[in-house]
Amino acid sequence: MTTRYRVEYALKSHRRDQLIEWIKGLLAVPFVLHSQPTTIQLEHGERLAEVAQDTHQRYAEIFRDVEGLLNDHIQHEREEAAGKSKLRLLVPSVGTFFTNLYLEEAFKYQDRQRYISRRRFVAPSFNDVRLILNSAQLLGLVRNKGLQLVTFDGDVTLYDDGECLADDNPVIPRILRLLRQNIRVAIVTAAGYTDAAKYYERLKGLLDVMHSSTELSEKQRSNLVVMGGEANYLFRYDSESPHKLKHVDREDWLLPEMKSWNQEHVTKLLDIAESSLRACVANLNLSVSVLRKDRAVGVFPQKKGQLLREQLEETVLVVQNTVERSEVANHLPFCAFNGGNDVFVDIGDKSWGVRACQRYFGGIDAAHTLHVGDQFLSAGANDFKARLASTTAWIASPAETVVLLDELDSLQNPVADSPAS
C-alpha cells in the first residue's frame, strides 16, 4: 500500500518533470470526460470503439495545441525573449528546444503502440508522455536535415546498472548501424578513468565487435569516442591500441571556457564536496566508503547491497546545496548525482561533455545532436544538464534504447508503424 509519506515524497519538485506533469494534467480532462465507462453496457457495447476514437481525437487536439505553444516558445527563444512565451508562463521550468517537436504526429504513433486512447481506467501516464516526447524529438531531428552525433549515457542506457556492455547486447548492432550511416557516436559516462583499460572492460563487447566488423571503414570506426568523468577524459577508437581506445590530448577537445578550470579550484571544490559527503555518511549512518579521484569524489557501499533511494537523494541534495553555496562554485561547474547505488560529485557535467564531443568532431550543432540517457530529473540526475547542449531522449532501460534506435532508423525508411507514416 502506498503510504502518505511516499505520495508526498513523489510530489517533491526534484522528483518531477514539470513539462511532462503539465501535459499529463491537460490529458486528464478528456480522460475523465470521455474514457471512463458510464454504464455496464459500455463494457461490451458497440460504443467502445466510438469512445476510443473520440478520446483519441481529444488527445490529438491537446498535443496539437501544445505543439503550437512549443513553436511559439522556440520563436521567442530565437528573438531572445523566451521569458515572454506563453509556455514559459505556464511551465516556468521549461528549457531550450533546438528543433521543432511534432507532438501530434508522435502521439498518433505512440497511440498505435500503447493503445493509450483505449484505456478507460488508467489515464495517460508519465511514461506515455515521455515516450511521445521522444518520438516527437526524433521526428524533429530527422526533419531538421538529419542527425550527425548521438551521445549515450552508460549505465541503464546501454547496459544494466553496474554491468558491462557484453558482445550479445542488442544495442551493439544498432550502434554499428549509426556508424555505418556516418553518424558519430560518443559514450558520455560518469565513470572517470584515466586509462583505456578500464573503459575497455566496461565496453569490451562493443569494441571487440567493431574491431572484427567487415562492414565498417577505419574512418567510421574512428567516429566512436568515449568521454569519461562527465567531461574530463576523452578516448577515441583505435584498432592498433591494445584496448581499442586511445587517449585524446585535452587540447584537441577542450572548450575555451574549460581552459580556465585551474587545479586550485578543482581541489578546493572536491575538498568541500568530500567534507559534505563525510558529514552525510555520519548523519545517516551509511555503511559506505569514500573514494577521492583526480576529478571526482564520491561514496559507494562497502559491501554488496542496495542503499536506500531516500539516503542517496538526501546525500545528493545536501552536497549539491553545500557546494553551490561555496565561493568556488562561481568559478567551476560541477555535477552531484545519484548513480543508483552511489553518490558522486564530478568536475563539469554532461552539457560540457556533449559540447566537447561536438567540438572534437568539428563543431556539430546542438540541433544535429541527440543525447540518450535515463536521468533527467532536476536534481541528482547527471543527464539533466545535457539538455543545455543537445536534443535529448529520456529512456528507462537498455531495452528502450534499442526500441528508440529502431524507431530512429524507421524514420529514414518509413514503414506502416513508423511515426512518419
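Student: Which residues does I347 touch, not counting residues up to four places away in sequence?

Tutor: This is a predicted model: local features need pLDDT of at least 70, side-chain atom pairs count only at pLDDT 80 or more, and totals for chains, interfaces and linings use all residues. Residues are numbered from 1 along each chain as its sequence is written, and side-chain values use heavy atoms, with hydrogens and water left out. Contact means heavy atoms within 4.5 Å. With residues up to four places away set aside, I347 touches G229, E230, N232, W261, V266, L269, L270, R295, L332 and P333.

Student: Is I347 buried or exposed?

Tutor: I347 is found in strand β9. Strands (E, at least two residues) and helices (H or I, at least four) are DSSP runs, numbered from the N terminus. Buried means under 20% relative accessible area, exposed over 50%, partly exposed in between (1.4 Å probe, protein chains only). The relative accessible area of I347 is 0%, so I347 is buried.

Student: How far apart in space are I347 and G229, C-alpha to C-alpha?

Tutor: G229 is one of the residues that I347 touches. In sequence, the two are 118 residues apart. In space, C-alpha to C-alpha, I347 and G229 are separated by 7.7 Å.

Student: What is the distance between the end C-alpha atoms of α10?

Tutor: Start from the expected span: 1.5 Å times one less than the number of residues. Helix α10 covers residues 263-284, which is 22 residues, so it should span 32 Å. The model agrees, with end C-alpha atoms separated by 31 Å.

Student: What is phi of N285 near?

Tutor: N285 lies in the loop between α10 and β6. N285 is exposed because its relative accessible area is 68%. Most residues other than glycine have a negative phi. N285 is a residue other than glycine with a positive phi, near 55°.

Student: Where does N182 lie?

Tutor: N182 also has a positive phi, near 65°. N182 is partly exposed, with a relative accessible area of 44%. Its place is the loop between α7 and β2 (184-188).

Student: Which residue just after α3 takes a positive phi?

Tutor: Helix α3 covers residues 47-78 and has 32 residues. From first C-alpha to last, α3 reaches 47 Å, close to the 46 Å expected. Just after α3, the residue with a positive phi of about 55° is E80.

Student: Which residues of α13 are buried?

Tutor: Helix α13 has 15 residues (398-412) and should span 21 Å; its end C-alpha atoms are 22 Å apart, which agrees. Q412 lies in α13, but at 43% relative accessibility Q412 counts as partly exposed. The buried ones are P398, T401, V402, L404, L405, E407, L408, S410 and L411.

Student: With which residues is H243 in contact, leaving aside its neighbours within four places in sequence?

Tutor: H243 lies in the loop between β4 (233-237) and β5 (245-247). At 29% relative accessibility, H243 counts as partly exposed. Outside its sequence neighbours, H243 is in contact with A196, A197, Y200 and L207.

Student: What is the radius of gyration of the chain?

Tutor: The chain has 13 helices and 11 strands. The globule rule, 2.2 Å times the number of residues to the power 0.38, is set against a radius taken over C-alpha atoms. For 421 residues the rule gives 22 Å, so the chain is as compact as a globular protein of that length, with a radius of gyration of 23 Å.

Student: What percentage of the residues in the chain is buried?

Tutor: The percentage is taken over 421 residues. Buried residues make up 53%.
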